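Try each task before reading its solution.

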Amino acid sequence: MINDQHSILLESGTNELEIIEFEIEKRKFGINVIKVKEIILPTAVIPVPHSHPHVEGLIQLRGEVLPLINLAKVLGRTEDPPPEAKYIVAEFNQQKVVFHVHNVTQIHRISWNDIEKPTSMYQGGDQSTIIGVIKRTEDMILLLDFESILLEINPQTGIRVEEVKKLGHRERSDKQIVAAEDSPLLRKLLHDTLSEGGYGHVEFFENGADALAYLESLADQGGNVTNQVQLVITDIEMPQMDGHHLTRRIKSDQRLKDLPVIIFSSLITNDLKHKGHMVGAEDQISKPEISELIKTIDKHIL
């Protein structure tokens, strides 16, 4: 089991994370340990007719029926799983899912600052699924965008603009928001849904470090930053600087501390909300509850 919160979870806001390293055809990948509930041996799989080609079927685990996703197929690989194959049981975006991998090796504790954003040099079928690269002396570990993997298989797991349309016509054009989100796909979805919700002036950044640099540059110009920016939205998992560390830096800066910060992440659960509270976030909303995000923004800046 990987669910001992006291031994696994790090102090909030340190800009560090722990990842579980796993392999697909000897290539090394990583998943944030916070997402992982447990690692189990392969068990009986029930095929599902007409399912997505990346879905092997369903498994039963302690009374729950969970979808099994073959990560080798997601990454465009064809080699059959070896005897030491494992199932990684994960939970994020308010759902549980199981990933079939070829092997699970070890846990690493690293800084988000040591995770590089992938560039165009990373070619191949898995390019769009990579959100970060951890370079080591002998090799590298690729961090996968598990939210985007699920979104491709089941679009209903993503942000849906129709939920915002139910709120009716709204006028918020004078409000300025800063948003930190590393996924290009989710930045686009967030842009579209915030615009639909009336918030058309959003400055997007790919990570917390860039967002913080922008806010600090406004503060360096003098004056009250809250006259130029009314609210900050941040994801948690981002290369260079994560959302918890960004929030802590904002709240510890006398020039920025009055800015409301909403953490909008797939990692928001009852067990993990204390981490956002510790760094001073005003609110925490779980993806993909975009209508709740809009209502929470209204509460803080209207």
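A crossing is left-handed if the near helix is turned anticlockwise from the far one by less than a right angle, and right-handed if clockwise. The model is predicted: local features need pLDDT of at least 70, side-chain atom pairs count only at pLDDT 80 or more, and totals for chains, interfaces and linings use all residues. Numbering starts from 1 along each chain as its sequence is written, and side-chain values use heavy atoms, without hydrogens and water.

**Exercise 1.** Describe how α6 crosses α7.

Step 1. Find the helices, which are DSSP runs (H or I, at least four residues) numbered from the N terminus. Here α6 spans residues 208-220 and α7 spans residues 243-251.

Step 2. Take the axes, lines fitted to C-alpha atoms over the stretch in contact, with angles from 0 to 180 degrees between N-to-C directions. The two axes come within 9 Å and cross at roughly 15°.

Step 3. Classify the angle. Under 35 degrees counts as roughly parallel, so α6 and α7 are roughly parallel to each other.

Step 4. List the contact (heavy atoms within 4.5 Å). From α6 come Gly 208, Ala 211, Leu 212, Leu 215 and Glu 216; from α7 come Leu 246, Arg 249 and Ile 250.

**Exercise 2.** Describe how α5 packs against α9.

Step 1. Helix α5 covers residues 184-196, and helix α9 covers residues 290-301.

Step 2. Their axes lie 11 Å apart, at an angle of about 55°. That angle makes α5 oblique to α9, the class left after roughly parallel, roughly antiparallel (over 145) and roughly perpendicular (65 to 115).

Step 3. The crossing of α5 and α9 is right-handed.

Step 4. Leu 190, Thr 193 and Leu 194 of α5 meet Ile 290, Leu 293, Ile 294 and Ile 297 of α9.

Definitions and conventions: Helices (H or I, at least four residues) and strands (E, at least two) are DSSP runs, numbered from the N terminus.
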